[in-house]
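Let us walk through this model together, starting at a metal site and moving on to a helix and some aromatic rings. Please have the sequence and the 3D view open side by side.

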Amino acid sequence: MSAPDDRAVRPGASRTPVRAAVLTQPGTVLVEDLLLDDWLAPDEVRVRVAACGLCHSDLHMVDGELPTAVPTVPGHEIAGIVEEVGTAVADLAVGDRVVACLSVYCGRCPECAAGRTHLCERRNDLGRAGRPAPRLVRPADGAPVDQVAGLGGLVERTVLHRNAVVRVPHAIGADRAALLGCAVLTGVGSVVNAARVHPSETVAVIGCGGVGLNVIQGAVLAGARRVVAVDLGPDKLALAGRFGATDLVDATTDDPVEAVVRLTGGVDHAFDVVGRGATVTQAVGMLRPGRTAYVVGIPPVGEVLPLAGLPLVAQAKGVRGVLMGANHFPRDIPLLADLHLHLQGRLELDALVTRRIGLDATADGFDLMRAGEPGRVVVTFEDDGSPLDVR
Ligand SMILES: [Zn+2]
Ligand SMILES: [Zn+2]
């Protein structure tokens, strides 16, 4: 293994052409030809992206509800193949299939030392900020193009910090593996790591998109006796039933709080996967006394949660934000892969992917999400013979 100083490639000296979906201004996603720096820092890996799921936080950024610097490459639900490893990376090899996660961690700060790597205090120091060269630049003028959260997966190849990826078996298709990095990790983790749902308890889930469906199947895995799914319209609720919801509440025709209380007498755990003040209030309202509501969906900047104080205290209810399923992803993602592949298929991944699209159709993919696509839209780069829905 050569020391970094001996490497032929210097920072920014040589660059590989890549195509990427770039958020150029709020509301505009364009596919561009960019250049990726060939130099790797010692703790980085270069990954050929095979699939990248479109998450609702990506959509919030595209729509300007989560402010982000532009131009930037969105996408954080990545599966790919390791093409090269930095000189300090000893535990990943060329050819490994990896899944990336937003919860990149330093491993040394007080939160990491306490086992809460999803709350790492030094996360923002692990990107390319302060490094010798930007990872992605425009060919015409060399202007840097950012990558959301240091991931930015809607690109053919990317460079990632070693602690942003974990190896998974090749047997999982790339489009399904990608979802382990956010939707599945966040949904199942919120149930298992944060709420610690016990067998025979009751659960309500408000919002049954990619993350919500995984809260539902997490609750089923945990042995919940009753899992009530709440959403708008029959398509998402039908999918929720397929993932194990025992009761379906259509909030376009039923009051969610009344319906959940009528069905269960109040639930032990309520998960808000929408992240709006109105739905958090509903989640608290449908709890039994002494129980906790979990805010799993990312609220837009400035969103305020209007909670009535007296009943909160009089009924001793809790409200807790849960970030990324309170994960330790190097432990959790391989376990989730195992649940899917080997353990009686107890984790459903196939039905989560409702659309596969090509990179050129990324903007159409966000349109599909705005139109209420029931499952995940996944951009795939790897031609495995499966037909794409939109090219
Ligand atoms: Zn996400
Ligand atoms: Zn840390």
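For comparison, the ideal angle for four tetrahedral donors is 109.5 degrees. The protein donors are the SG atoms of C106, C109, C112 and C120, at 2.3 to 2.4 Å from the zinc ion. Donors here are N, O and S atoms within 2.8 Å of the metal (3.2 Å for Na, K and Ca), and since water is not among the atoms, sites may look incomplete. Along the sequence, the donor residues follow the spacing C-x2-C-x2-C-x7-C. Both C112 and C120 are buried, meaning under 20% relative accessible area, with exposed being over 50% and partly exposed in between (1.4 Å probe, protein chains only).

A word on the background: this is a predicted model, in which local features need pLDDT of at least 70 and side-chain atom pairs count only at pLDDT 80 or more, while totals for chains, interfaces and linings use all residues. Residues are numbered from 1 along each chain as its sequence is written, chains are lettered from A and ligands numbered from 1 in the order in which they are written, and side-chain values use heavy atoms, leaving out hydrogens and water.

Now turn to helix α5, residues 234-242, where K236, L237, L239 and A240 are buried. Viewed down the axis of α5, its buried residues fall within an arc of 160°, so they line one face of the helix; the arc is that of the directions from the helix axis to the C-beta atoms. Helices (H or I, at least four residues) and strands (E, at least two) are DSSP runs, numbered from the N terminus. On the other side of α5, P234, D235, A238 and R242 are exposed. The cover over the buried residues of α5 includes α4 (210-221), β12 (226-231), β13 (247-250) and β17 (353-357), with contact meaning heavy atoms within 4.5 Å. After α5 comes G244, whose phi is positive, near 110°.

Finally, the aromatic pairs: there are two, counting rings of Phe, Tyr and Trp (its six-membered ring) with centres within 6.5 Å, where planes under 30 degrees apart are stacked, over 60 edge-to-face and the rest tilted. The rings of Y105 and F329 have centres 6.0 Å apart and planes at 70°, so this pair is edge-to-face. The rings of F271 and Y294 have centres 5.1 Å apart and planes at 20°, so that pair is stacked.
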